[in-house]
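The sequence and the model are shown first.

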Amino acid sequence: MNASRQWWARIPLPAVDAVIIVVSALDTWVSLSGEGASALVWVLAVLSVAGLVVRRRLPWVALLLTLPANCVLDIVFAPLASLFTLAEQSRNRRLLVVAALASAVASAVPSSFKGSASDPQLWTVIYFAYALTAAAAPVLLGQLVQTQRDLRARLAEIEQAREHEQLLHAQAVVTRERAQLAREMHDVVSHQVSLIAVQAGALQIATQDPVGRDGAQTIRSLAVKTLEELRHMVTLLRASGGRTTELTPQPTLADLQRLVASSGIPAELTGELPASVGTPAQRTVYRTVQEALTNVRKHAPGASATVRLWHGPDAYGVTVANTPATRPSLALPGSQQGLIGLRERAELLDGTLHAGPTADGGYEVKLSVPNHGNSR
């Protein structure tokens, strides 16, 4: 079955359409040659075949063009091809039932003139039953093709979800390693550096040598700075969402454009932030945009997003808003830690993070950082 499907997929669509039009034209020609057709019948026959040219873009138009010819001629292929294309593209089953009934009625109309003279109504009903059965076949086949196409798309989404879950598992392992590293750094390194700072302070007070006092003060200042940097690093490790890329040089605002462009969804970056924004704040803005775009791609298929950088007299930040999804999303299990990690990052900067649905059915993530956190 896979080999046959691949063979069929290699046939160009224009070639398939050409074969369908030629076969339909031959079918119509055979029906016309059996009787002396008027000019009107010829026009209707030509229109029924010409409608197949637009059947992929306008299947309803193609079907409607076949109905008049089907009422006066005994044609088969053009109506069935139009019904199949309509059923393959449409998801409105009520309209498909109406289309099948209309095609069956059009096919049964000539039978009222060809049936038994004693009981023409009975023959019309019989022809209608046969015509309805024939019209149901392409409709059901078209729905089957549509279902198979949807199933292949869903299987592809499931495969992507499986790969995503494997990535999440790897990130969870990294997160546990980070937590352990943070504990070791806090318990061992910070303890030793604190002792150095205490001893340097004691030496600064006890010594009478100016050179020794200056050296002790320098050692103590360096130890205090080291403790501050270490405390920030430990807190960042604990608040990390587990992205393996955080072990590499950290991204900044200069990398936002590339992040938005490679997000895999229609996204736009607007606005800018002051140059005084510190490196930790830049990393927080970047991770906020990264997590928000990932959630859009995961939970709102077909949606577009807008990333807006903003700053004011009291605060600055970023807002990521997306439109509603245009197709159903695949229900995926999640760690529910992404937004929690972003809130922890925002709290490190004395900022806030708000996330929730918008009035138009979309979703919005907003990071706000007070201006006194620029240097952090």
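## The sheet

In β5, serine 368 is the bridge partner of threonine 352. Strands β4 and β5 (residues 363–370) run antiparallel and are joined by six bridges. Strands here are DSSP runs of E with at least two residues, and helices are runs of H or I with at least four, numbered from the N terminus. Two strands pair if DSSP finds at least two bridges between them.

The open sheet has five strands in the order β1-β2-β3-β5-β4, with mixed pairing. Because β1 (267–270) and β4 (352–357) stand at the edges with a single partner strand each, one side of each has no neighbour in the sheet.

## Basis of the model

This is a predicted model, in which local features need pLDDT of at least 70 and side-chain atom pairs count only at pLDDT 80 or more, while totals for chains, interfaces and linings use all residues. Residues are numbered from 1 along each chain as its sequence is written, and side-chain values use heavy atoms, leaving out hydrogens and water.

The average pLDDT (the predictor's confidence in each residue, from 0 to 100) is 78 for the protein, and 78% of the residues score at least 70. Where pLDDT is low, the predicted coordinates should not be read in detail.

## Helix α2

Buried residues (under 20% relative accessible area, 1.4 Å probe, protein chains only; exposed is over 50%, partly exposed in between) in α2 include Val16, Ile20 and Leu32. The face turned away from the buried side of α2 carries exposed residues, among them Pro14 and Trp29.
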